[in-house]
Amino acid sequence: MKNVIAVFQKELRSYFNSPMAYIVIILFVGFANWLFFRSFFMANSASMRMYFSMLPWLFMVFAPLITMRLWAEEKKLNTLELLMTMPLKDWEAVLGKFFSSLFLLVSMLVLSLPLAINVSSLGNMDWGPVIGGYLGAFLMGAAYLSIGLFISSLTQNQIIAAIISFFVCFGLWIVGESIVVFLAPASLVGLLEFIGLGSHFESIGRGVIDSRDLIYYLTVIGFFLYLNVKGVESRKWA
Amino acid sequence: MIEVKGVTKRFGPTIAVNNLSFEVKKGEVLGFLGPNGAGKTTMMRIITCYMPASDGIVKVAGHDTLTDSFKVRERIGYLPESAPLYLDMDVTDYLSFVAQVRGIPSNVRRERIKKITDACGLEKVLGKDIGTLSKGYRQRVGLAQSLIHDPDILILDEPTTGLDPGQIIEIRELIKRIGREKTIILCSHILPEVSATCDRILIINEGQKVASGTPEELATATEGNITVRAKIHGKDAEIRERLEAMENVIGCRVITGGGSSPSTFVLKAKQEGDIGQEVFKMVVENNYSLSELRIERVSLEDVFLHLTTKEREAE
């Protein structure tokens, strides 16, 4: 655990010592507010539904930006060699990095809280879906981050890591969308709906916290973190 | 302290290290020498547990690198080639990260960092981002990082590449100072570096050991003879006769000097005895005068070139 914390702190120092973290957070908060308020007054309802329905798309772009450097840079600079010859287990490094990216994601969500407070001051807001929405956004963001982190471990090139992560997240999102499910063979419908990141998010976003959805997200996160450990280990398979 | 037995490392069809065995004793500074691409870095990566060998056994302080890699990693300080560091961290943050992972308790961490940065001459750059530092300073940060947990084994891969001559001397001095207490493997393709700092040298080429021994042993092993150049005033033919009559001399060649300057006698002699002294005595006994006496031992450069090009010629 001590090593997880050490890696976590190191990554945070790297994030906040360079402009990267600030740029990503400011851009995210700016985009989120702009896209939300642009249609909020037309909807004429004190609800955050609009906000939570666009978060998956924003995260799809921002999560890969957060994770792209985490392993790719270590590989490019060859610092991986130093890191992995210290008394540190592969999974400790993976978790430390994952938590540091999660910290950025949580900062982004926290900084969008004023938005919720603003909205609630304008009318009678139902907080249930808002809390559910935040929880869902957190889980979904974490799932995106675990995917991005894994993909970053496969390449030295940050840009490639970001682009591929985006497409994988996008793919996992749309397989559960109704248009894909509609076109798919009937035998696959149940599976696709279950795999798709979207359907689980929507039910949590309605304020219904179902253990199946929680387990789904935790499984996705665990699966990609596991792949990540294997990816880091791959240096040994020659 | 370090035992390498029959280690082979294959990357697909390429063999980077081929059935290599050697040993490093406690307190010894071993120069690991070879041309670029000889397999030095791969061997270091195997010893430091970055990657396993395809075959063979590596033991560090009695611990197997495969089954006991954690214990091995705790004992080793490692500076990989070209000192890879996190460019967007500052020096103190970086060193405290390393100290943290190396398990140095937080109450002594600051003190240890101070000690090590003083020893490596980093006082001036503590708060600076590593990315803004010169190559020399980065190399020192790399060295500080490898020393922070006071390891008994130190592995340095090309520690002076890219440095200017002044910095090279500084780093070598530092390594010599550290080398008094630690077991060190110093990888290099630069000969003066190795001969200046190491007790013993191991030369590898194309993944295989081609020679090992002290610098002097290696020089002797390659060519059993030494060359002596002497400028002696007197009758050339007479001097030559006397020189050739000496016990250890194998051959003599005369380069006649122009005008009043003396001729140079180039002797090939066996290693035994003190040939310099013998030549000098002969000069004195016969009332000649000597204006130059130089003994040329085979340099490490010759040994190295000889050993690493031999195979190619044979093919």
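# A tour of chains A and B

Start by selecting B:Gln139, which you will find in helix 5 (residues 135-147) of chain B. Keep in mind throughout that you are looking at a predicted model.

Is B:Gln139 buried or exposed? B:Gln139 has 27 other C-beta atoms within 10 Å, and 20 or more is the mark for a buried residue, so B:Gln139 is buried. Now show its contacts: leaving aside residues up to four places away in sequence, B:Gln139 touches B:Ala83, B:Pro159, B:Leu163 and B:Ile171.

B:Lys281 lies 142 residues from B:Gln139 along the chain, and their C-alpha atoms are separated by 51 Å. To see how chain B is divided, colour residues 2-220 as domain 1 and residues 224-297 as domain 2. The centres of these two domains of chain B, taken over C-alpha atoms, are 45 Å apart.

Stay with chain B and turn to its strands. Look for an open sheet of four strands, in the order 2-1-4-5, with antiparallel pairing. Which strands stand at the edges? Strand 2 (14-24) and strand 5 (63-64) of chain B do; each has a single partner strand, so one side of each has no neighbour in the sheet. Zoom in on strand 1 (residues 2-11) of chain B, which runs antiparallel to strand 2 of chain B and is joined to that strand by seven bridges. To find one bridge yourself, select B:Ile2 and look across to its partner in strand 2 of chain B, B:Val24.

Now move to chain A and select helix 5 (residues 90-111) together with helix 7 (residues 127-152). These two helices of chain A pack at an angle of about 145 degrees, and their axes are 10 Å apart. The crossing of helix 5 and helix 7 of chain A is right-handed. Show side chains where they meet: helix 5 of chain A brings residues including A:Phe98, A:Leu102 and A:Leu105, while among those from helix 7 of chain A are A:Tyr134, A:Phe138 and A:Leu145. The residues of this helix 5 and helix 7 contact in chain A divide into 10 nonpolar, three polar and one charged.

For the last stop, display both chains. How many residues does each chain give to the contact? Chain A gives 20 residues and chain B gives 24 residues. On the chain A side, helix 1 (2-17) and helix 4 (79-84) each supply at least two residues. Helix 1 of chain A has the largest share of that side, six residues. Colour the chain A side by class and you will see eight nonpolar, seven polar and five charged residues.

Definitions and conventions: Residues numbered from 1 in each chain as written. Chains lettered and ligands numbered in written order. Predicted model: local features only at pLDDT ≥ 70, side-chain atom pairs only at ≥ 80, totals over all residues. Contact = placed C-beta atoms within 7 Å. Nonpolar A, V, L, I, M, F, W, Y, C, P; charged D, E, K, R; others polar. Axes fitted to C-alpha atoms, helices over the stretch in contact; angles between N-to-C directions. Left-handed = near helix turned anticlockwise from the far one by under 90°. Domains from an automatic or database assignment. Buried ≥ 20, exposed ≤ 12 C-beta atoms within 10 Å, placed from the backbone. Pairing = 2+ DSSP bridges.
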